[in-house]
Amino acid sequence: MTGIVFDIKEFSVHDGPGVRTTVFMKGCPLSCKWCHNPEGLSPTPEIMVRTARCRHCGLCKAHCSHVDCKPYERCLHACPDGLVSVVGKVWDSDELAKKLLENADFMETSGGGVTVSGGEPTMQADFVCELFDRLSGVHRAVETCGFCGSDKFLRILDRVELVMMDVKLADPALHKKWCGVSNEPILANLERLKKSGKPHIIRVPLIPNITDTRENLFAISELIGDSPVELLPYNPFAGAKYEGVGKIYTLDGGENAHVDLTIFKNAKLKA
Amino acid sequence: MKCRLFYTFFVQSIDIGKIIGIIENVRYYNSSAPTVPLFNIISGGTLMSEKLLNYILEKKHHEFRVDYTENLAEEYSKKGFSPEERMADRFERLCLAQVPHILPEEQICYVRTTRQIPDCFTEAEWSEIKSEHFIHELGYISNLSPNYEDVIAKGLLACRESADEYSKRAIDNIIALADRYKAEAERVGRADIAAVLTRVPRYGATSFREALQFFRILHFSLWLEGNYHNTVGRFDKYMYPYFKADMDAGIYTPETALALIEDFFLSFNKDSDLYVGVQQGDNGQSMVLGGIDENGNDCFSELSKLCLIASRNLKMIDPKINLRVSKNTPIEQYMLGTELTKAGLGFPQYSNDDIVIPALIKKGYAPEDAANYVVAACWEFIIPKCGFDVANIAALSFPKMVDNVLHKDLASCESFDDVMAAVKREITAECDRVTESIKNLWFVPSPFMNVMLTERKYKNFGMHGTGIATASDSLAAIKKYVYDEKYITSEEFVKAVDDNFENTPELLDKLRNEAPKMGNNDDAADSVSVALLDMFADALDGKTNCEGGVWRAGTGSAMFYLWHANDIGASPDGRRKGEPFGTNFSASLFAKIAGPVSVVKSFTKQHFERAINGGPLTLEFHNSVFRGEDAISKVASIVKYFIDRGGHQLQLNAVNLETMKDAQAHPENYQRLVVRIWGWSAYFVELDREYQDHVIARQEYTV
């Protein structure tokens with residue numbers, strides 16, 4: 001079957017053990033205000049313009065008759081600098097697996113593997129499961145926000161060697177406010193993950209004054225218990241890609257508060 | 001408490017051998033600083049005299065410099081001096097013009113105090129010489145690896161015995177200058193330096209420090225004689241006996257040895273601004289570490305490690321570090337090398353013994369000489385002590401060959417095979433033309449180089465091969481769109497290229513964004529590059545040069561990635577007129593590449609055993625790749641992967657686009673920002689804008 005992927009990154013060094021290839025699945029049920037991959041939010045292909053180098057010549061806005069440009073307001077083939085492209089490519093799981101396995105020898109050398117991230121992989125759970133089945137020889141990891149039904153969550157869990165799961169906010173109301181949805185399914189899946197015995201890492205993005213408060217971190221530490229935690233410092237360039245997909249980054253950002261790692265039993269700050 | 005973002009190393013003593021173990025074991029959470037950080041492998045503080053380091057960084061030694069602008073050429077011409085006489089006389093005068101200065105707290109002395117080296121010949125004389133001879137570059141000897149090993153062991157007095165009249169004069173002048181340095185050392189109360197100079201350069205070195213000082217005098221003298229791109233050779237091999245003896249005798253601890261090596265490395269940077277090549281930094285002070293010896297034993301030693309660490313600590317562009325590796329090299333060596341890469345110097349450059357040695361043997365080098373190979377100024381493989389190769393005498397532009405075929409043959413080619421046959425004819429004809437054009441090669445005789453390089457077994461010529469990715473992508477595009485898909489006729493394609501794609505935006509879009517490109521492990525493009533390099537090797541195989549040596553095909557570009565790109569207009573890969581080629585053996589600048597693993601695969605398919613003049617693949621990494629606990633081993637693993645797959649030569653850059661852009665805007669804040677250019681590293685702010693822009697353009701597509 002097919003799925004929609006918005007990026008494939010070779011030599012990914014921050015998404016699990018060893019050197020990995022990371023597949024970014026398009027579409028996410030959350031809408032976190034600090035999301036740094038806004039092109040991964042919508043589940044369908046969309047146009048992206050690399051605005052930083054745009055000379056505003058207007059050629060891409062002129063009328064064209066290309067079939068592949070039809071869904072969009074711009075021509076994909078007119079930009080002299082190649083800045084206009086569609087983000088989101090349809091991949092067949094067999095073909096994608098074949099492509100990923102081309103680098104299996106290097107993954108083995110470096111102790112790496114394949115990580116499926118997003119967007120949110122569980123939104124395309126059937127495709128992701130099929131892909132993982134075709135990658136059974138390599139180390140497989142998933143990065144998930146955990147917002148999905150138990151069936152999808154467990155099916156993916158069953159097919160990976162490592163789960164990296166985000167827990168952003170412990171308080172349901174705050175979660176709804178900042179991420180757009182309730183955290184109830186996330187916390188239920190967190191319990192399933194803890195009980196599964198599957199190797200996992202809980203990731204907490206440190207968003208200034210939103211998630212990096214002592215109250216939130218303390219509450220998360222209570223929820224996760226002994227599970228290993230990686231704290232992700234706020235990325236001040238998180239808003240960089242919004243303009244390119246016609247969105248506006250609304251977060252003010254700022255700097256992380258003084259984070260006390262000793263709140264957690266087993267935490268480290270991710271570089 | 002605040003958590004540490006970086007590894008900090010708290011070790012009581014520097015047991016270098018344990019560093020790797022420490023790298024793997026250190027974790028930073030909840031750690032409190034237990035002891036004084038003696039050795040911090042990330043921030044890389046120096047152990048040498050801070051006073052001396054700052055003195056050089058502040059360029060205080062430049063105050064001793066005077067102009068030397070005598071018109072020697074006119075004088076020599078009037079007097080009817082022979083070339084040997086001129087070189088001997090000029091060297092004598094320049095030695096006499098030096099004013100010895102001992103810099104604060106330095107252990108290794110010598111600093112040049114004259115700025116210029118006037119030419120030995122008038123313009124009219126050069127014209128006459130050039131009418132009869134092929135003159136390579138400036139005409140003076142360059143790009144060789146002299147016999148430091150034997151001279152340091154024997155001493156100059158012993159060398160003098162077998163020297164001719166001119167070489168004797170050179171030696172006498174070197175000794176006289178050393179005596180004046182000794183007197184100055186005594187005058188300023190530096191008995192330690194005076195003691196070293198009592199022994200060297202007259203007699204062979206008996207200690208590590210004497211050997212280092214001896215090297216400094218020899219290297220300084222080679223430059224002062226007017227030779228250039230004076231390389232360093234297999235430093236850790238010929239220095240090791242002195243180092244080991246002193247370490248065994250307890251004269252140094254690892255810390256004090258490291259401090260001495262840093263002091264010595266700093267000496268390469270005292271006068272280097274006077275040694276300008278195509279750009280500042282292109283001075284050829286290349287040092288080779290590691291690799292196997294003639295018996296197959298690994299030469300990588302504690303000294304090699306200290307050299308890697310000294311370079312990392314100093315963060316200066318000289319000496320330029322090369323590391324010889326092979327399939328048997330343990331990952332720890334790659335990790336130490338990667339620590340240096342992380343420092344952002346573009347060092348070390350790696351070369352693969354498994355490929356280079358057999359290839360050199362195939363070209364006629366004796367196995368024991370091939371095993372001892374080093375690099376010339378950039379990456380050309382040469383033989384120390386007995387090689388007199390001219391490894392950069394010419395360059396073939398692959399894209400120009402394609403351009404010729406495009407305009408002469410494409411219309412009549414019925415199949416892509418016909419196109420490739422035409423390309424082969426062009427390459428062969430061009431190689432014939434170039435090799436026949438180089439006759440009666442002449443170098444200005446160099447009396448002191450004659451002392452440093454008595455045996456001249458190899459007189460082979462090397463030819464660079466530039467723009468292979470541009471050419472391969474171009475041919476792959478012609479195959480796909482003209483012959484396979486018949487999307488465009490050959491006439492239309494030629495016209496589109498000649499019009500710089502002004503009227504064919506959709507073709508341009510296809511070519512730039514959809515056509516096969518090297519760097520993606522796509523055989524459609526990669527297989528063409530394999531064929532092109534084979535054609536180049538075929539064209540030079542069996543040719544004898546005017547010195548009786550052979551010709552070697554290479555994958556380097558030197559500055560031709562800019563120069564050759566301006567020789568042609570647009571190219572069929574979608575490269576517009578004026579856009580440069582990639583440097584050396586690298587992907588096209590605008591190609592969208594899948595990532596470094598695919599790049600390594602694309603650039604290890606070729607038959608380097610047939611094209612061994614040198615020229616590396618360059619991998620550019622955004623410096624954020626080096627963050628994180630396992631970053632060093634992760635980057636090291638791709639270097640090892642490249643070598644294990646049979647790649648021949650690799651350089652890596654750790655760069656930050658934002659930093660470079662800011663450095664263009666505010667150069668005053670980035671005096672020490674270093675980038676790799678083609679076979680050497682440079683201070684970014686000292687480069688001409690077009691070279692800066694090229695480095696920046698390379699990053700736009702970096703992972």
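Predicted model: local features only at pLDDT ≥ 70, side-chain atom pairs only at ≥ 80, totals over all residues.
**Entry 1: domains of chain A**

I started with how chain A is divided. The assignment gives domain 1 as 2-45 + 88-269 and domain 2 as 52-87. I then looked up the spacing of the two. Their C-alpha centres lie 31 Å apart.

**Entry 2: domains of chain B**

Next I took chain B. Its assignment lists domain 1 (1-43), domain 2 (48-230), domain 3 (268-379 + 616-687 + 698-703) and domain 4 (390-615). Domain 2 of chain B puts 25 residues into the contact, and domain 3 of chain B puts in 18 residues.

The size of an interface is often given as the accessible area lost when the parts come together. For domain 2 and domain 3 of chain B, about 1,700 Å² is buried between them. Carbon and sulfur atoms carry 60% of that area. Which three residues supply more than any others on the domain 2 side of chain B? I found B:Arg65, B:Trp223 and B:His229, with 28% of the area that domain 2 buries against domain 3.

**Entry 3: helix pair in chain A**

I moved on to helices. Two packed helices are described by the angle between their axes and the distance between the axes. In chain A I looked at α1 (residues 93-101) and α3 (residues 125-133). Their axes come within 9 Å and cross at roughly 45°. The angle makes α1(A) oblique to α3(A). I noted the hand of the crossing as right-handed. From α1(A), the contact uses A:Ser93, A:Leu96, A:Ala97 and A:Leu100. From α3(A), A:Phe127, A:Glu130 and A:Leu131 take part. I sorted the contact residues of α1(A) and α3(A) into 5 nonpolar, 1 polar and 1 charged.

**Entry 4: two helix pairs in chain B**

First I checked α9 (residues 191-199) and α10 (residues 208-224) of chain B. The angle is about 75°, and the axes are 10 Å apart. Why do I call them roughly perpendicular? Angles of 65 to 115 degrees count as roughly perpendicular, so α9(B) is roughly perpendicular to α10(B). On the α9(B) side I listed B:Asp192, B:Ile193, B:Val196, B:Leu197 and B:Arg199. They meet B:Arg209, B:Glu210, B:Gln213 and B:Ile217 in α10(B). The contact of α9(B) with α10(B) divides into 4 nonpolar, 1 polar and 4 charged residues.

Then I took α4 (residues 83-97) and α8 (residues 165-187) of chain B. These pack at about 5°, with axes 10 Å apart. Hence α4(B) and α8(B) are roughly parallel to each other. Among the α4(B) residues in contact I noted B:Ala88, B:Phe91, B:Cys95 and B:Leu96. Residues they meet in α8(B) include B:Tyr166, B:Ile174 and B:Leu177. The contact of α4(B) with α8(B) counts 8 nonpolar, 1 polar and 6 charged residues.

**Entry 5: backbone details in chain B**

I finished with peptide bonds and phi. B:Asp318 and B:Pro319 are joined by a cis peptide bond, with omega about -10°. I placed B:Pro319 in the loop between α14 (302-314) and β2 (320-325) of chain B. Another cis peptide bond joins B:Phe347 and B:Pro348, with omega about -15°. B:Pro348 sits in the loop between α15 (331-342) and β3 (349-352) of chain B.

Where is B:Lys59? I located B:Lys59 in the loop between α2 (50-57) and α3 (72-79) of chain B. Its phi is near 60°, a positive value in a residue other than glycine.

Terms used. Residues numbered from 1 in each chain as written. Chains lettered and ligands numbered in written order. Heavy atoms only, no water. Axes fitted to C-alpha atoms, helices over the stretch in contact; angles between N-to-C directions. Helix = DSSP H or I, 4+ residues; strand = E, 2+ residues; numbered from the N terminus. Parallel < 35°, antiparallel > 145°, perpendicular 65-115°, else oblique. Left-handed = near helix turned anticlockwise from the far one by under 90°. Contact = heavy atoms within 4.5 Å. Nonpolar A, V, L, I, M, F, W, Y, C, P; charged D, E, K, R; others polar. Domains from an automatic or database assignment. Buried area = accessible area lost by both parts, 1.4 Å probe.
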